[in-house]
Amino acid sequence: MQNPTHEELRYFIALWSAPKIGPGIIKAIIAYSGSAKRFFELPKGKAAKTPRVGEKLLELRNQEKSLLKKADELINQCQIKGYRIITSLHSDFPQRLKSQEDSPALLFTQGNSEFNVERTIGIVGTRSATSYGKSSTRKIVEDLAVYNPTIISGLAYGIDIEAHRAALQSNLPTLAIMGSPIGQIYPAIHKKTAMELMEKGAIVSEYAPGSSMTPGNFPARNRIIAGLSDALIVVEAAEKGGALITAEIAYSYDKEVFAVPGNLQSSFSEGCNQLIKRMKASIYTGPNDIAEALSWSKPGEVKAKKPVLNLDSREPEDASILRLLIEKGEAEIDQISISTDIPLGILSSKLLSLEFEGIVKSLPGKKYKLLG
């Protein structure tokens, strides 16, 4: 995949900066037209057939010069400040985000932004972290350092900043996904850490330099944290808050979600405990939980070969379950019951036995998958 030319970038940003055009519409325009520039060149009749583009958006084509002027100003400003613009057309745009329908069409970065690394872990939690939450965060990062993941968080007070600092301490790359515009570190007290992490990682924002910072920016950035993370760990979270929003998004993306269990008498453990109770997160007890869920191995470690499943030697019901999981990869218990015609009561017992054998693993949301 070739990166867009400067001219293509100008037109992409022209569309991106236009009012009432979100990431979904930009993707639809490019998919139909072939490029952002081509959209402005199409005959009106053909352009009118662009999915999700109505008459008002077609009128934007009459503003081509003014939109390009704004795009040139933004590109020039970013070049002067040292901010990089990465669009969904760039080869190094995060591949993990491309599968998400609500992913941003464009990101601004500062530092060394390597998104398409082998392993990523998101760590989030309350801004009012306790000493238990902070020490747990440091321990998690220290324990996972052997796998060399990129640590992703949101630069906020509490658990987020602790995760970034622990990554720096363990010499791990870390990405800070901001809800503020690029170049505006928020909170400002974390500017020193932001500068330090840019040596091996980056700060990332979908908001242009100088744009306004609104409360809605922060819940929106949570989808980027969730999308970039192979697994998300919630360390401490109250019953409501940004960390739980991120966990819910990660769960909806079918990401591996973990929660650190906490003190029943602490309000900052309620969110984590509820995630586990509702089976939207697995209990985090140590780095092996992550390694097992994501099939990670340590450098030099040779994984034992997965035993070949001889379905012919299995009981018919067990064989039916395993065939379905081989075909689907993972499935909810209700889906397994319907597909195999095994009653739920019997199926639960069968799945538990297969778990004890180390063949099947239960996932949040009453899902199951084959191990290995």
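Trainee: Why is Asp254 called exposed?

Mentor: In this predicted model, Asp254 has a relative accessibility of 53%. The cut-off for exposed is over 50%, so Asp254 counts as exposed.

Trainee: What makes Lys367 buried?

Mentor: Its relative accessible area is 14%. Buried means under 20%, so Lys367 is buried.

Trainee: How do you know that Asp254 and Lys367 form a salt bridge?

Mentor: Their side chains meet at 2.9 Å, N to O. The limit is within 4 Å, between a side-chain nitrogen of Lys or Arg and a carboxyl oxygen of Asp or Glu, so the pair qualifies. The pair links distant parts of the chain: Asp254 lies in the loop between α12 and β8, Lys367 in strand β12, 113 residues apart.

Trainee: Why is Glu7 called partly exposed?

Mentor: Glu7 has a relative accessible area of 30%.

Trainee: What makes Glu7 and Arg10 a salt bridge?

Mentor: The closest N and O atoms of Glu7 and Arg10 are 3.0 Å apart, and the limit is 4 Å. The two residues are 3 apart in helix α1, which means they are separated by about one helical turn.

Trainee: How do you know that Asp72 also forms a salt bridge with Arg10?

Mentor: The N to O distance for Asp72 and Arg10 is 2.7 Å, which is within 4 Å. This pair links distant parts of the chain, with Asp72 in helix α6 and Arg10 in helix α1, 62 residues apart.

Trainee: Is Arg10 buried or exposed?

Mentor: Arg10 has a relative accessible area of 14%. That is under 20%, so Arg10 is buried.

Technical notes. Residues numbered from 1 in each chain as written. Predicted model: local features only at pLDDT ≥ 70, side-chain atom pairs only at ≥ 80, totals over all residues. Heavy atoms only, no water. Helix = DSSP H or I, 4+ residues; strand = E, 2+ residues; numbered from the N terminus. Buried < 20%, exposed > 50% of the residue type's maximum accessible area, 1.4 Å probe, protein only.
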